[in-house]
Amino acid sequence: MLDKTVLHDSADRGIRLVALSLLSDAQKASEQFAHAARKSHATAECDVALHDFRVANRRLRSWLRTFRPSLRDAVAGRHRRRLSAIADATNGARDATVHLEWLHDERRALTGTERVGDTFLRKRLRAEHKGAVDAALAAAADFDTIAAKLHRRLGASLEEAQEHEDAIHFSAVLAEHVREQSDAMREHLAGIREFSDIDAIHRARISAKRLRYLIEPAEEAVSGGGAILETLKELQDALGSLHDVHVFSQELVTAAEEGAAKQAARMLKVINSSDADDERVRGVGARDPVPGLIQLASRLHERGVRTYATVEHDWLKDGAAPFFVRVRVFAATLATWAPSRADARRPRERR
């Protein structure tokens, strides 16, 4: 955590100090994920470490994107594209993990026949998870390479950053970006009209994350920052749940198509055999995963409808108005922020 007096630095220095801090956090998260994954792919420790690496990389990418003009001397477009590709390479492992966790919670509600579909889907997801973790490990190794380069470039850029008495404070520049991102988030939320608006929900979810990452460096300096972040996290979780429903629905369709094809092949083999009888046909029928997959799809849809109803009530139309007032007040306070005497005497963190 950076000392909050960095907000009183010049904008050039503040932007770079936060970027370096986020880069260091992502490097540590990458190392921890690689360590956990090398021990075992199929552990909660590995899943948590991957999540932490993804979040750290996302915070870094969001910051570099927002302050792209200011960081042009240190971070090129090819660096941002490479970080984006690294993030994409971790999506499969994350999705498989989340879907397996949901199936674990849902299994108790399934009948014995329906659990055939659950078992079929789990087997598919576990195989996907193993390969996806391998891909994420390769991405972490790639991240370590680019992170070392970015650290050197940002460090050199920080040394050259100007700091004058009349320089614009970092707090003022950060406040302006908070206001702009808040307006963008409000606009994206307004684009959500119904549960099936997948693209609009995705844009709103990304906007909420970007606003959260902008507010985090000033959370402890400005009153109300922590509460705003908690509210954003709740929205992020809800929109993330809707995103998972949309992604997992495609997984279920693919699994159902595969399961139906395998079931048809088994049934055809029994029917065409010389010793086929009713008992054998019924036995094949009992192995059909499709009924369970259909039931899981129904429960997944119910989850999405419930979540959307909460988002609609709390955030769409005029539901989010009080939240955006809080953000405007936060930004206005941040724009004029100055350290207390005690904070001013505290040495600033240098990287």
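This is a predicted model: local features need pLDDT of at least 70, side-chain atom pairs count only at pLDDT 80 or more; totals for chains, interfaces and linings use all residues.
Glutamate 258, at 27%, is partly exposed.

The side chains of arginine 124 and glutamate 258 form a salt bridge, with an N to O distance of 2.4 Å. This pair joins distant parts of the chain: arginine 124 belongs to helix H5 (residues 114-160) and glutamate 258 to helix H8 (residues 225-271), 134 residues apart.

Lysine 262 is partly exposed, at 40% relative accessible area.

Another salt bridge joins lysine 233 and aspartate 237, at 3.2 Å from N to O. These two residues likewise lie in H8 with a spacing of 4 residues, about one turn. Lysine 233 is partly exposed at 35%, and aspartate 237 is partly exposed at 46%.

## Network and total

A network of salt bridges links Arg124, Glu128, Glu251, Glu258 and Lys262. The whole structure contains 19 salt bridges.

## Helix H10

Helix H10 covers residues 290-315, 26 residues in total. The distance from its first C-alpha to its last is 37 Å, close to the expected 38 Å. Buried residues in H10 include Gly292, Leu296, Arg303, Tyr308 and Trp315. After H10 comes lysine 317, which has a positive phi near 60 degrees.

Methods. Residues are numbered from 1 along each chain as its sequence is written. Side-chain values use heavy atoms; hydrogens and water are left out. The expected span of a helix is 1.5 Å times one less than its number of residues. Buried means under 20% relative accessible area, exposed over 50%, partly exposed in between (1.4 Å probe, protein chains only). A salt bridge is a side-chain nitrogen of Lys or Arg within 4 Å of a carboxyl oxygen of Asp or Glu.
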